[in-house]
Amino acid sequence: MTRSDKTVKLVSYIVLSVLTIVMIFPFFWMVLSSLKPFREIYRPYLFPKSPTLANYQKIMSASLFPRWFLNSLIVALSTTFSVLFFDSLVGYTIAKYSFPGRNIIFLFILSTLMIPTEMLIIPWYVMSSRLGWIDTYWGIMFPGMITAFGIFLMKQFMETIPDDLLDAARIDGVSEFGIFWRIALPLVRPALGSLAILNFIGNWNAFLWPLIVSSKPRMYTLPVGLATFSSENLMHWELIMTGATVSTIPLIIVFLIFQKQIIRGIMLSGLKG
């Protein structure tokens with residue numbers, strides 16, 4: 001390695017380190033603020049002088065925060081498992097089966113990506129009201145049970161599976177669903193991991209639709225409940241930071257679980273290109 005290459009590498013590391021610190025600092029500050037008592041929250045120093053876990057105990061006992069957390073967990077997990085199954089099934093069907101109108105159906109599915117979510121709110125609400133889904137888990141979840149983006153993503157990965165491999169499974173007597181479940185899905189695990197993270201984060205952070213379809217505080221998801229809690233405790237920023245800290249824990253866990261799949265998916269995408 002030449003001297004100029006070493007210089008470029010050193011500068012790159014320095015720039016990346018600075019950018020990493022800038023990106024991590026807000027989260028770091030949020031966590032430290034959640035450990036501060038009320039008398040320290042407005043003091044101009046970063047680290048708490050008297051760190052305490054009383055804020056966590058307070059939001060868990062003096063509010064509906066545990067219920068909101070559970071609601072968000074149920075909604076995010078249910079929609080994620082639904083999307084992984086149905087999107088991959090539809091993507092596999094479109095990619096590996098020839099039938100009349102296949103391209104037109106796929107075009108219609110992709111066209112739904114051009115419709116803003118705000119335009120769908122009223123039809124969703126009218127349908128939910130008529131079917132009695134207001135203030136129910138199903139009412140919150142049904143718009144995210146299957147996604148056009150997930151179908152597109154899974155179709156692209158399913159097309160990389162050799163048809164000869166699937167034909168060999170048919171010769172061995174494997175059922176069509178068995179081919180999908182036992183052969184196709186394991187081969188597209190990187191795409192499933194990426195889709196799982198994107199969908200879980202999207203539904204965990206969803207605010208507009210859960211706010212509209214939920215009128216009872218016990219049915220609030222975490223973003224809606226945290227916004228309500230923040231408006232009622234404007235002076236207690238230590239409690240607000242505590243709630244925000246707890247709300248990020250599942251996102252970090254999901255990312256740590258699926259990060260290897262995401263990296264592998266990026267590598268496979270590069271090889272495909």
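**Exercise 1.** Decide whether isoleucine 151 is buried or exposed in this predicted model, and list its contacts beyond four places in sequence.

*Solution.* Start with the location: isoleucine 151 sits in helix 7, residues 148-158. Next, take its relative accessible area, which is 5%. Buried means under 20%, so isoleucine 151 is buried. Now set aside neighbours within four places in sequence. Isoleucine 151 then contacts Asp87, Val90, Gly91, Ile94, Ile109 and Ile146.

**Exercise 2.** Find which elements give two or more residues to the largest nonpolar core.

*Solution.* The core has 22 residues. Tyr92, Met154, Met158 and Val188 have the most contacts inside it. Two or more residues come from each of helix 3 (65-96), helix 7, helix 8 (163-171), helix 9 and helix 10. Helix 9 gives the largest share, five residues. A separate core of 20 residues includes Phe200, Trp204, Val224 and Met241.

Then inspect methionine 158. Beyond four places in sequence, its contacts include Tyr92, Phe180, Leu185 and Val188.

**Exercise 3.** How are helix 9 and helix 10 oriented to each other?

*Solution.* Take the axes of helix 9 (residues 176-187) and helix 10 (residues 189-204): they come within 5 Å and cross at roughly 75°. Angles of 65 to 115 degrees count as roughly perpendicular, so helix 9 and helix 10 are roughly perpendicular. Leu185, Pro186 and Leu187 of helix 9 meet Arg189, Pro190 and Leu192 of helix 10. By class, this contact has five nonpolar, no polar and one charged residues.

Note on methods: Residues numbered from 1 in each chain as written. Predicted model: local features only at pLDDT ≥ 70, side-chain atom pairs only at ≥ 80, totals over all residues. Heavy atoms only, no water. Axes fitted to C-alpha atoms, helices over the stretch in contact; angles between N-to-C directions. Helix = DSSP H or I, 4+ residues; strand = E, 2+ residues; numbered from the N terminus. Parallel < 35°, antiparallel > 145°, perpendicular 65-115°, else oblique. Contact = heavy atoms within 4.5 Å. Nonpolar A, V, L, I, M, F, W, Y, C, P; charged D, E, K, R; others polar. Buried < 20%, exposed > 50% of the residue type's maximum accessible area, 1.4 Å probe, protein only. Core = buried A, V, L, I, M, F, W, Y, C linked by side-chain atoms within 4.5 Å.
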